[in-house]
Amino acid sequence: MNAFLQELEQTAAELRQQANAFAAQQRQDDADLTKIRANIYDICATIGKVMCKTQPEEAQETAFLKKLEELPQNWRVALEAAEAHGNTQRAAVEELKLEALAHVLARFHARKEG
């Protein structure tokens, strides 16, 4: 699990570097969206670290997955509200957060299967 959490932190760091590069190129929208993705990776890594500290080793992965599955509930509500009010910018942000989380989950499951 620790290796996976390090992967998440590395990905977040790479995304922050990419966001800085976008900002330097005056591509602020791209920078902002990339920062959001980095934040999701950071959140997932933090949740994983907490699970490693608070759960017995055999329960860490299950607890981690449970927390990650709970995480997007508010994002889905926010997405639906944004769509209902025609706020396409907010909807795009919520979709990006959901996509980033789905990518983290896919990587986690692929690691376990591989």
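Q: Of the 27 residues in the largest nonpolar core, which touch the most other members?
A: This is a predicted model, in which local features need pLDDT of at least 70, side-chain atom pairs count only at pLDDT 80 or more, and totals for chains, interfaces and linings use all residues. Residues are numbered from 1 along each chain as its sequence is written, and side-chain values use heavy atoms, without hydrogens or water. A nonpolar core is a set of buried Ala, Val, Leu, Ile, Met, Phe, Trp, Tyr and Cys residues joined through side-chain atoms within 4.5 Å; buried means under 20% relative accessible area, exposed over 50% and partly exposed in between (1.4 Å probe, protein chains only). Among the 27 members, those touching the most others are Phe4, Leu8, Cys44, Phe64, Leu68, Leu101 and Val104.

Q: Which elements give two or more residues to this core?
A: Helices (H or I, at least four residues) and strands (E, at least two) are DSSP runs, numbered from the N terminus. The chain has five helices and zero strands. Those contributing two or more residues to the core are H1, H2, H3, H4 (73-84) and H5.

Q: What does Val104 touch, not counting residues up to four places away in sequence?
A: Val104 is one of the core members that touch the most others, and contact here means heavy atoms within 4.5 Å. Leaving out residues up to four places away in sequence, Val104 touches Phe4, Leu8, Tyr41, Cys44 and Leu68.

Q: Is Thr11 buried or exposed?
A: Thr11 sits in helix H1. Its relative accessible area is 14%, so Thr11 is buried.

Q: Which helices do the buried residues of H3 pack against?
A: Helix H3 covers residues 60-70, and Gln60, Ala63, Phe64, Leu65 and Leu68 are buried there. These buried residues pack against H1 (2-24), H2 (28-54) and H5 (88-113).

Q: How many disulfides does the whole structure have?
A: A disulfide is a pair of cysteine sulfur atoms within 2.5 Å. The closest cysteine sulfur to that of Cys44 belongs to Cys52 and is 13 Å away, so it is too far for a bond. Cys44 is buried at 0% relative accessibility, whereas Cys52 is partly exposed at 22%. A search of the whole structure gives a disulfide count of zero.

Q: Where does Gln26 lie?
A: Gln26 has a phi near 65°, a positive value in a residue other than glycine. With a relative accessible area of 70%, Gln26 is exposed. Gln26 belongs to the loop between H1 and H2.

Q: What is the C-alpha to C-alpha separation in space of Leu33 and Lys97?
A: Leu33 is in helix H2 and is partly exposed, with a relative accessible area of 35%. Leu33 and Lys97 are 64 residues apart in sequence, yet their C-alpha to C-alpha separation in space is 9.3 Å.

Q: Among contacts between residues at least 6 apart in sequence, what share join residues at least 24 apart?
A: To finish, here is a view of the whole chain. The C-alpha trace spans about 45 × 35 × 25 Å along its principal axes, and buried residues make up 35% of the 114 residues. Among contacts between residues at least 6 apart in sequence, the share joining residues at least 24 apart is 64%.
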